[in-house]
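The sequence and the structure come first.

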Amino acid sequence: MSDAQDELVDKAFPAGDSILGTPLGMRPRDAVRIAMRRDRLLAGLTLTAGAGFILALPFALREGAEFFLPLTTALVIAIALVPILEWLERQRVPSALAALMCVLLFLIVANIALAAIIVPATDFFRLLPSRIGRIQANLAPLLDLYSSLDRYVNKALRQVASTPIRQPQTAAVSPPSSILELAATSAPGLIVQFLFGVLVVFFVLSGWTRMRRETIRGRTSFDGAMATARVIQEVVDDVSAYLGTITIINLALGGAVAGALSLFGMPYPLMWGGIVALLNYIPYFGPVIGAMLLAVGGLMTFSDIWVALAPPAIMYGMHLIEANLITPLIVGHRLTISPVLILVSLSFWGWVWGTVGALLAVPLLIILQTVLKAAGKPDIAGFLFEHGTLTHLDRETDPEDVPQEK
């Protein structure tokens, strides 16, 4: 043991003291030292197993994406819909019927979003091959402006701009107009995942009240039951509050962008507003991707490059106002999350599950933070550099707190 641990043991057990449960012929200080060595060994094994689990988890999630992705998505959606379910149950609606109503509501909203975004986007970007000439003409001033840059970069840009236009010979395919049509034209695996996710949402919601009650009642102590109830409620409140608030903000941002683009003369303004609202769920990277898509759309639509770049400038200006003024004012400090943790979560889930993982990154981070806050974080620094255990050890130990033999 370290000198600090020896000093702590000597302070707690002065020479000549004894403690209940000490084996015959062994001094209390020796028994405590053996117990602390055992705790250090157990903590080391736990830390090693935890490190192995953390290292293996992302690869398991990535390889099992066909199962874990729809399951995780469904659980996040179900947690977000719990407040609506509880409101319906307070109106004396049976749990199964309330769950069915929540699922139908979500499917209707998703179907409207699909019709507003996917269908016009398919039509618009199908024109991209025929608009390459206009994009080349718009990019020509930029190439001339930056002609003094490195020769290799300049040459690469000119090669891109001078690529001959080749018309595609593929037959036109009508875009899906609803979720059912999208599922019917998709691979069988996607259909199975979609149905699996819908069923998970329904069954989780229909049994939510009973499952929560049984989980709380299954605790062996009152404090454990209260802690479990508090964690469940905090997870539901935080996730639903975040998704509900961010959804309202994103819809407002998308509506403002659509209105501005309509006045500017950009085609399909509702589609662009929907794309901006959807991508705004991805912090930091989503608005950048939205601005890039709008830049491509502007270059396809307008013949002047500065007019073509006005739509992404308008969109990103509105995003900066939303991100730096409106969202902090509405959300406040309750749902404030460290930017570093958000970036790590985005990188992790985006690498594991792609775009859908990036959309789920912040809700999953909120759930993980809430659970760890209630369960307690292991003291890894203390294990490595101080007392050798994963639990926090007080510097001061009162000898009177230790039971003594009489």
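## Overall organisation

Of the contacts in the chain with a separation of 6 or more, 71% are between residues 24 or more positions apart, a contact being defined by heavy atoms within 4.5 Å. The model is a predicted one, in which local features need pLDDT of at least 70 and side-chain atom pairs count only at pLDDT 80 or more, whereas totals for chains, interfaces and linings use all residues. Residues are numbered from 1 along each chain as its sequence is written, and side-chain values use heavy atoms, with hydrogens and water left out.

The chain contains 16 helices and 0 strands; these elements are DSSP runs numbered from the N terminus, with helices being H or I of at least four residues and strands being E of at least two. Among the 406 residues, 35% are buried, where buried means under 20% relative accessible area, exposed means over 50%, and partly exposed lies in between, with a 1.4 Å probe and protein chains only. The accessible surface of the chain is about 24,400 Å², and carbon and sulfur atoms account for 68% of this surface; the areas come from the Shrake-Rupley method with a 1.4 Å probe, and for residues only the protein chains shown count as cover.

## The largest nonpolar core

The largest nonpolar core comprises 45 residues, and Leu85, Val201, Leu205, Val239 and Trp353 are those with the most contacts inside it. Such a core is a set of buried Ala, Val, Leu, Ile, Met, Phe, Trp, Tyr and Cys residues joined through side-chain atoms within 4.5 Å. At least two residues of this core are supplied by each of helix H3 (65–90), H4, helix H8 (188–206), helix H10 (222–264) and helix H15 (339–375), and the largest share, 13 residues, comes from H15. Because domain 1 (66–127 + 189–218) and domain 2 (233–377) both give residues to this core, it lies between them; the domain bounds come from an automatic or database domain assignment.

Leu243 is found in helix H10 and counts as buried at 18% relative accessibility. The C-alpha atoms of Leu243 and Val76 are separated by 9.8 Å, although these residues are 167 residues apart along the chain.

## A covered helix

Helix H11 (residues 269–279) is mostly covered, with 8 of its 11 residues buried. The buried residues of H11 are Met271, Trp272, Gly273, Gly274, Ile275, Val276, Ala277 and Leu279.

## Salt bridge and a pair across the sequence

The structure holds 1 salt bridge, the term requiring a side-chain nitrogen of Lys or Arg within 4 Å of a carboxyl oxygen of Asp or Glu. The partners are Glu86 and Arg212, whose closest N and O atoms are 3.0 Å apart. Since Glu86 lies in helix H3 and Arg212 in helix H9 (residues 208–217), the pair ties together parts that are 126 residues apart in sequence. Glu86 is buried, its relative accessible area being 16%.

Val192, found in helix H8, counts as exposed at 55% relative accessibility. Val192 and Pro70 are 122 residues apart in sequence, while their C-alpha atoms are 9.7 Å apart in space.

## Surface patch and backbone

Leu97, Leu100, Met101, Leu104, Ile108 and Ile112 make a nonpolar surface patch of about 540 Å². Patches are made of residues with over 30% relative accessible area and no salt bridge, like charges being joined within 9 Å and nonpolar side chains (Val, Leu, Ile, Met, Phe, Trp, Tyr) within 5 Å. Leu100 lies in helix H4 (residues 95–125) and is partly exposed, with a relative accessible area of 39%.

Most residues other than glycine have a negative phi. Arg92, however, has a positive phi of about 65° although it is not a glycine; Arg92 is found in the loop between H3 and H4 and is exposed, with a relative accessible area of 79%. Tyr284, also not a glycine, has a positive phi of about 70°. Tyr284 is placed in the loop between H11 and helix H12 (285–301) and counts as partly exposed at 40% relative accessibility.
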